[in-house]
Each structure stands twice: as structure tokens, then as C-alpha cells.
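Please walk through this protein with me, from its overall build down to single residues. Keep the sequence and the model open side by side.

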Amino acid sequence: MTAISKLYVLLCGYEILPRSVCFRGGGDRFVMSVPISAYLLETQNGFVLFDTGFNADLVRDPTLRHQHFAAHGWEPPVVWPQHELLTQMREIGVAPEDVCHVVMSHAHLDHTGNLRHFPHAKVWMQKAEYDFAFKGPEHPAVVRADIDDPGLDWSLINGDHEIMPGITLVSTPGHTPGHQSALVSLPKSGRALLVGDVGEWMKNFENEILPGEAADDVAALDSIRKINRIRRDENALMFVCHDPDLIQKQKLAPEFYD
Ligand SMILES: [Zn+2]
């Protein structure tokens with residue numbers, strides 16, 4: 001039984017990254033353009049958003065652009081008007097108020113950028129990730145201004161958790177301390193795994209290659225294997241957030257998977 005009727009893939013822009021950010025040991029001289037994906041689920045209980053893309057103000061405002069990118073030696077992402085999360089939602093007739101749950105895979109800036117638009121929703125994050133995001137000095141890949149909003153309704157969890165029939169959050173730590181994925185059931189297509197940044201590309205899963213950055217290498221490899229096990233057991237479709245080849249083969253909103 002599943003509450004889900006549709007899954008939309010939202011392409012929210014591109015990051016310009018050394019290949020080594022996607023694959024451990026992948027080389028610093030090779031520069032890749034990788035998609036930033038978010039996913040919108042239509043359910044009987046309203047819409048559920050998995051990740052929120054990137055806040056384009058961080059590249060449009062020169063001060064923020066310097067603070068969050070140039071100061072770290074990073075290239076800013078590319079976000080064209082057609083990549084804007086709210087624009088894509090509007091095109092399929094969905095307003096921010098229609099979203100009742102937001103699942104945050106983790107607290108990095110390419111996933112939290114539009115969270116502020118969803119004060120009406122329950123925001124699901126692993127407790128360990130929340131602590132990573134808010135305790136101590138600001139991590140360079142975390143933008144507290146995107147997430148530190150008193151209007152947000154946080155639901156902090158420890159481990160795997162079903163939020164409604166057909167949507168189970170799966171704890172997959174390693175890339176960050178409290179990273180999580182989601183196993184969802186689609187009415188016709190069957191199971192699907194939304195894996196966030198457990199692996200940046202499909203190749204990370206196929207060859208068990210760690211992402212460039214991990215808070216805990218042992219946990220990161222365990223999580224890659226956990227996803228591979230679920231994928232095999234459930235014969236699940238894979239939705240990998242930053243895979244530049246996969247994104248070109250997927251149906252993008254307003255098309256959908258049902
Ligand atoms: Zn990411």
C-alpha cells in the first residue's frame with residue numbers, strides 16, 4: 001500500500017566541481033558539471049519534498065557569493081531561471097503551502113537552499129545531522145542562514161522511520177554525520193530509492209567508491225552497501241542527486257514517474 005501517486009524530478013541547477021569531490025581519488029584537474037536534484041512526491045496527504053535545491057541568492061549577491069564560494073576557492077553553482085525550485089513547482093500547479101513534509105537528506109548548501117519557503121511543513125532530519133549543522137563553528141558546506149529559521153517545524157529522528165505508507169526514511173550516515181535517504185513505493189513503477197549524497201553518481205554504488213567528502217569513511221561505505229542491498233532486495237529504481245548522465249535519462253518535471 002502506498003500514499004504516493006507521482007514522483008517528480010526537479011533539476012535545480014549545476015555545481016562545478018573537481019572530479020575528486022564526486023569520487024575519492026578522482027583527480028583535481030578534471031572539472032565536472034553535476035546536477036543538483038530535488039524530488040517532489042504527490043501523496044494522498046499533500047506533497048512531500050525530498051531536498052530543496054540551492055539558494056540562487058548565494059550566487060546573485062556579490063557579498064554572499066564571495067563569502068560562500070570565492071573565499072573557499074570554490075566555483076559558484078549555475079542556476080538558470082528554469083532551475084528555480086518554486087518556478088518548477090508552480091508549473092505543475094503546486095504552491096509552497098501544498099507541501100506538508102520536507103525530508104532533508106543532509107545539511108549541505110546544495111540541498112537546503114529553499115527550505116525557508118516551507119514553514120507550513122514538517123521538516124524531517126536525523127538528529128545527528130541537525131547537531132552537525134547547528135553546533136560548533138559553521139561548516140563551509142553548510143549555510144546556516146538557509147536553515148536557521150525559527151518558523152521551521154523540525155522533526156528530528158534517530159534511524160529508519162516511516163513517515164506515511166510508501167515513504168520510509170533510511171539512515172545512511174557517512175557523507176555527513178546524519179545523512180538519510182528515502183525508500184518510496186510508486187503505484188506502477190514499484191520501489192524507488194532517493195539516495196541524496198550517499199554516492200554522488202551511480203558509479204559510486206556500482207564500484208563502491210566513496211564520495212570525495214565523508215565525515216566518516218567506514219560509515220560512508222556501510223551506507224553505500226546498505227543502499228545496494230535495498231536496491232537489490234526491492235529491485236528499486238535509483239535516483240542519484242548529482243549524476244550528470246542519469247539526469248539526462250530521467251523524466252524531469254513536469255513529466256513524472258507513477
Ligand atoms: Zn550534494
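Helices (H or I, at least four residues) and strands (E, at least two) are DSSP runs, numbered from the N terminus. Residues are numbered from 1 along each chain as its sequence is written. The model is predicted: local features need pLDDT of at least 70, side-chain atom pairs count only at pLDDT 80 or more, and totals for chains, interfaces and linings use all residues.

Start with the whole. The protein has 10 helices and 11 strands. Its C-alpha atoms fill a box of roughly 50 × 40 × 35 Å along the principal axes. The radius of gyration, taken over C-alpha atoms, is compared with a globule rule of 2.2 Å times the number of residues to the power 0.38. For 258 residues, a compact globule would come near 18 Å; the protein has 17 Å, which agrees. Call a residue buried if 20 or more other C-beta atoms lie within 10 Å of its own, exposed if 12 or fewer, and partly exposed in between; C-beta atoms are placed from the backbone. Buried residues then make up 45% of the 258. Two residues are in contact if their C-beta atoms, placed from the backbone, lie within 7 Å. Of the contacts with a separation of 6 or more, 68% join residues 24 or more positions apart.

Now the sheets. Two strands pair if DSSP finds at least two bridges between them. Angles here run from 0 to 180 degrees between N-to-C directions, with axes as lines fitted to C-alpha atoms, for helices over the stretch in contact.

Which of its residues are buried? They are Ala128, Glu129, Phe132 and Ala133. After H6 comes glycine 136, whose phi is positive, near 75 degrees.

Alanine 107 sits in the loop between strand E4 (99–103) and helix H5 (109–112). Why does it count as buried? Alanine 107 has 27 other C-beta atoms within 10 Å. Beyond four places in sequence, its contacts include Glu129, Phe132 and Ala133. Leucine 156 lies in strand E6 (residues 153–157). It is partly exposed, with 14 other C-beta atoms within 10 Å. Outside four places in sequence, leucine 156 is in contact with Met125, Lys127 and Tyr130.

Turn to the other open sheet. It has 5 strands in the order E7-E8-E9-E10-E11, again with mixed pairing. Strands E7 (161–164) and E11 (237–239) are the edges, each pairing on one side only. Neighbouring strands are turned by 25 degrees against each other on average, direction ignored. E7 and E8 run antiparallel, joined by 3 bridges. Methionine 164 stands opposite isoleucine 167 in E8. The hairpin of E7 and E8 has 2 residues between the strands, and its glycine 166 takes a positive phi near 95 degrees. E8 (residues 167–171) and E9 (residues 180–186) pair antiparallel over 5 bridges. Here threonine 168 faces leucine 183 in E9. Helix H9 (residues 217–234) lies across E8, E9, E10 (190–194) and E11, at about 170 degrees to E10.

Finally, the core. A nonpolar core is a set of buried Ala, Val, Leu, Ile, Met, Phe, Trp, Tyr and Cys residues joined through C-beta atoms within 7 Å. The largest has 71 residues, and Tyr39, Val102 and Val184 have the most contacts inside it. Strand E1 (residues 4–18) gives the largest share, 9 residues. Beyond four places in sequence, valine 184 touches residues including Ile4, Leu7, Leu41, Ile167 and Leu194.
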